[in-house]
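I opened the notebook to record what I looked up in this structure. The entries follow in the order I made them.

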Amino acid sequence: MNVYTMSHRLKVFIVVFSILLILIFVSLLMVPFLSLPSDSLAFQVYGKSLSTGYLFYLTPVLSFIMIIFAVLLIINAFRKKVIFTNDAIISKDIFETRKLIFSEIKGFGISNFMLYIETNSNAKKRIAINVLSLNKVDNLMQNLESKFVNLDFLVTEKA
């Protein structure tokens with residue numbers, strides 16, 4: 001069983017980026033509760049941009065959405081993985097887990113840094129894997145090439 005996870009550099013980047021997003025939008029939520037001098041730039045920008053009523057209510061909602069998005073990014077960075085077992089390929093993500101048994105797999109193909117593992121039937125969805133985000137992608141490609149057909153070569157042979 002081989003487990004392919006997100007690269008450590010990408011995890012660090014996502015965590016740092018998400019923490020910065022959280023800090024920015026939490027501070028944006030705190031602006032109405034801070035007492036700022038009336039000649040400060042932050043007070044003037046806040047007063048001009050939120051002078052209309054709908055922005056006064058829309059800004060906190062959008063800030064909460066961005067904070068939730070940043071937290072989901074951090075969780076996904078540590079939960080995303082592809083597992084290549086003796087009889088199946090499993091792709092785990094924050095929202096879903098897809099499992100394809102080898103007998104259900106037609107082949108694989110690569111397009112625009114995405115690896116697609118195609119199924120035999122329309123009953124199951126194909127697995128899409130971002131090649132740039134995983135560690136040891138060359139090992140995963142060798143495992144796939146040893147067991148399945150590369151559908152990219154079939155398309156070029158038919159043309």
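Which residues does asparagine 143 touch, not counting residues up to four places away in sequence? I worked from a predicted model. I found that asparagine 143 touches Asn2, Tyr4 and Phe84 with that exclusion. I placed asparagine 143 in helix α4. Its relative accessible area is 17%, so asparagine 143 counts as buried, because buried means under 20%.

Entry on the core. I looked up the largest nonpolar core and found that it has 18 residues. Phe84, Ile89, Ile117, Leu144 and Phe148 are the residues with the most contacts inside it. I then noted which elements supply at least two residues each: β2 (81–84), β5 (105–111), β6 (114–119), β7 (127–130) and α4 (137–147). Helix α4 gives the most to this core, namely four residues.

I followed up one of the core residues with the most contacts, Phe148. Leaving out residues up to four places away in sequence, I listed Phe84, Ile89, Phe102, Ile105, Gly107 and Phe108 as the residues that phenylalanine 148 touches.

Entry on the strands. I checked how β2 and β3 are arranged, and they pair in the antiparallel sense over four bridges. The two strands form a hairpin, with three residues between them. Phenylalanine 84 has isoleucine 89 in β3 as its bridge partner. On the other pairing, I found β3 antiparallel to strand β4 (residues 97–101) over five bridges.

Is strand β3 (residues 88–92) largely enclosed or largely open? I noted that four of its five residues are buried, so β3 is largely enclosed by the rest of the structure.

Entry on leucine 72. I located leucine 72 in helix α3 (residues 53–79). Its relative accessible area is 31%, so I put leucine 72 down as partly exposed. Leucine 72 touches Ile94 and Phe95, again not counting residues up to four places away in sequence. I also looked up the separation between the C-alpha atoms of leucine 72 and valine 137, which is 24 Å. These two residues are 65 residues apart along the chain.

Entry on the surface. I found a nonpolar patch formed by Val12, Val16, Ile19, Leu20 and Leu23. Together these residues have about 460 Å² of accessible area. I picked out leucine 20, which is found in helix α1 (residues 8–30). At 46% relative accessibility, leucine 20 counts as partly exposed.

Conventions:
Residues numbered from 1 in each chain as written. Predicted model: local features only at pLDDT ≥ 70, side-chain atom pairs only at ≥ 80, totals over all residues. Heavy atoms only, no water. Patch = residues over 30% accessible without salt bridge, like charges linked within 9 Å, V, L, I, M, F, W, Y side chains within 5 Å. Areas by Shrake-Rupley, 256 points an atom, 1.4 Å probe, with all protein chains shown as cover. Salt bridge = Lys/Arg side-chain N within 4 Å of Asp/Glu carboxyl O. Buried < 20%, exposed > 50% of the residue type's maximum accessible area, 1.4 Å probe, protein only. Core = buried A, V, L, I, M, F, W, Y, C linked by side-chain atoms within 4.5 Å. Contact = heavy atoms within 4.5 Å. Pairing = 2+ DSSP bridges.
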